[in-house]
Amino acid sequence: MLRTLLFTFLFFQAISSMGQDSLITTPPKDLAEAYEQAVKDKDVEEQVRGLIRIGDYFDAVGNYTLSEEYFMEVLEFSEAQDFPKYIGNIKNSLAALYRYRGEYERSLELCFEAIEIETELNYRNGISLSYYNIATVFYYTKNYQKSQEYADSAIVYDQHRENKVYLINAQILKALAAAQMGQIDKAIDALDFSLEYYHERNDSGKLAMIYSNLGFIQDKGERNKEALASFRTAMAYGQNSENLQGQSIFHNNLAEQFLLLHAYDSCLYHADKSLELAEKIELKPSIRDLYELKAKAYKAMGNYEESLQYMEKFIVLKDEILNAENISTMEELESKYKATVKEKDLMLEKQKNKTLQQEQRVASFRIYILIVCVVLLVLLVFFIYVIQQRKRKHQALLHQQQQQLEATQKELLQSDLEKTALQNQQLASEVEYKNKELQTLAQHIVHKNDLLENLKEGIKSGNQNSSSQLMQLISVGMNTDKEVFDQHVDQISSLFFKKLKEQFPELNANDLRLLSLIKINMSSKEISVLMNINPKSVDMARYRVRKKMNLEKEVNLFDFLSQF
């Protein structure tokens, strides 16, 4: 349908030119001269810009083959010269070319490579263009959700630009994707900014484009009256345009919309206007579709004779266009085939020459390589022999040293063991001796204190003054002996105290003193005399110590302390 043609023509003419290469094969003189001057001046960066301009020119005139060749050349040149700021732009241009050809995977690959470069350079304009290209590819492949997402990403980066054309293009693409997904209200909202922008600038041509787009979206949502109003507005803005094809399409849109609204007279009026313009510019596909449109209108009005006449015209023109397209396609295929064959012959010839040169080079170096290999082999055998001999000598020396070291270690170990055993034996003897000495001293003190206690009791019954003096002397003697005994206990039991304190940190000094006396197997009575407390207090102290050490009732305290 003609509506589809308008859809493509108005909104994607800059991004979806999918025709064949044009016949223009040479760049404009000014571009060629500018590039040649940059070469003469050895201005490398200007050379890059010159090649990009030429590639853009061939892209604009539709010669995509030459455009690709120039872009590939400047890409290799930029990578060799390390010009990253141009590489992203070039990859975006190549991505557009591959998209025109339907090579969508390659196009996306280049876009993502461009984004990586432009992100590193923080080049926002380039990033937005890459996102826009990706959104367009997803639109072509009918992945409208992805198209919307990447269009939104492009919009984020385009908002900082003073030139809002890029932002508007992204908004239009987002609207078209939304319409394809049935999101009519969202699609219409996406066009609001574009309408406001071009209304402020009173740009009739752009407003005609936007309102036509709005009419398509409304028509897709079956809002026929709203679509009719939008198409009328589009025609009002575009009627003064010199583009006869655009005016023909405006009338065609109105004719189709009136047909849907069953306003057949208005439909035929605009169809005739559109047909008149299409015949002036010999736009046969449009004429063919208008014949079909009028046939439908007359049929709906019940005028079957007129409907049949236009249907016959439609069929005749359809066959004519189809035959012409087939002939053109055949001629083009034949031309491409001949060019391809010629190109392959040239490539084969070049390949043969390269192969012959390579064979000659290989033959020239074979003898040299053989001699070098033989020399290297002899040297390798010699070096292996020398290394093996050195390795054997080194291993023998290591074995001898190892044996000597093991013998020395055995002697030292035996000597250390003997010394350690002797020291342990001496230490055990000293401990046993000191324990016996301590036990004897303790018993002596006990007996002496018992005697002194008896004396104290006897003196209490005698003269008071003499008794007090004797009792004081006796107490001093008892305390002096006890201090001597305590010092002796601390000296002997220092290691014992240390081990107990590490395992039972809650034990205090009195607890440790009590445990040292228990360890030398003294009775509660003897301990009460030495510690100057009564036997019941000793039993109570033993109970508290067992509790601090978390000992069960059946555990013998003396046996337990023997482990330390």
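Me: Which residues does Cys267 touch, not counting those up to four places away in sequence?
Reply: Cys267 touches Ala255, Phe258, Leu259 and Ala297, where contact means heavy atoms within 4.5 Å. This is a predicted model, in which local features need pLDDT of at least 70, side-chain atom pairs count only at pLDDT 80 or more, and totals for chains, interfaces and linings use all residues. Residues are numbered from 1 along each chain as its sequence is written, and side-chain values use heavy atoms, with hydrogens and water left out.

Me: Is Cys267 buried or exposed, and where does it sit?
Reply: Cys267 is buried, with a relative accessible area of 1%, and its place is in helix α15, residues 264-280. Buried means under 20% relative accessible area, exposed means over 50%, and partly exposed is in between, with a 1.4 Å probe and protein chains only. Helices are DSSP runs of H or I with at least four residues, strands are runs of E with at least two, and both are numbered from the N terminus.

Me: How far apart are Cys267 and Leu293 in space?
Reply: From C-alpha to C-alpha, Cys267 and Leu293 are 8.9 Å apart, while in sequence they are 26 residues apart.

Me: Stepping back, how many helices and strands does the chain have?
Reply: The protein chain has 23 helices and zero strands, and buried residues make up 36% of its 564 residues. Of the contacts with a separation of 6 or more, 58% are between residues 24 or more positions apart.

Me: What does the accessible surface come to?
Reply: It comes to about 35200 Å² for the protein chain, and 53% of that belongs to carbon and sulfur atoms; the areas come from the Shrake-Rupley method with a 1.4 Å probe, and for residues only the protein chains shown count as cover.

Me: Now charges: how many salt bridges are there?
Reply: The count comes to 14 salt bridges, a salt bridge being a side-chain nitrogen of Lys or Arg within 4 Å of a carboxyl oxygen of Asp or Glu. Glu113 and Lys91 form one of them, with the closest N and O atoms 2.8 Å apart. That pair links distant parts of the chain, since Glu113 is in helix α6 (residues 104-121) and Lys91 in helix α5 (residues 84-100), 22 residues apart.

Me: Which of those two is buried?
Reply: Lys91 is buried at a relative accessible area of 10%, whereas Glu113 is partly exposed at 25%.

Me: What about Asp511, which residue does it pair with?
Reply: Asp511 forms a salt bridge with Lys548, and their closest N and O atoms are 2.7 Å apart. Asp511 lies in helix α20 (residues 509-519) and Lys548 in helix α22 (residues 535-548), so the pair ties together parts that are 37 residues apart in sequence. Asp511 is buried, with a relative accessible area of 9%, and Lys548 is partly exposed, with 28%.

Me: And which residues are linked in a network?
Reply: Glu45, Glu46, Arg49 and Arg53 are linked in a network of salt bridges.

Me: Where does Arg106 come in, what is its partner?
Reply: Arg106 forms a salt bridge with Glu109, the closest N and O atoms being 3.4 Å apart. The two are three residues apart in helix α6 and so are separated by about one helical turn. Arg106 counts as partly exposed at 30% relative accessibility, and Glu109 likewise counts as partly exposed at 41%.
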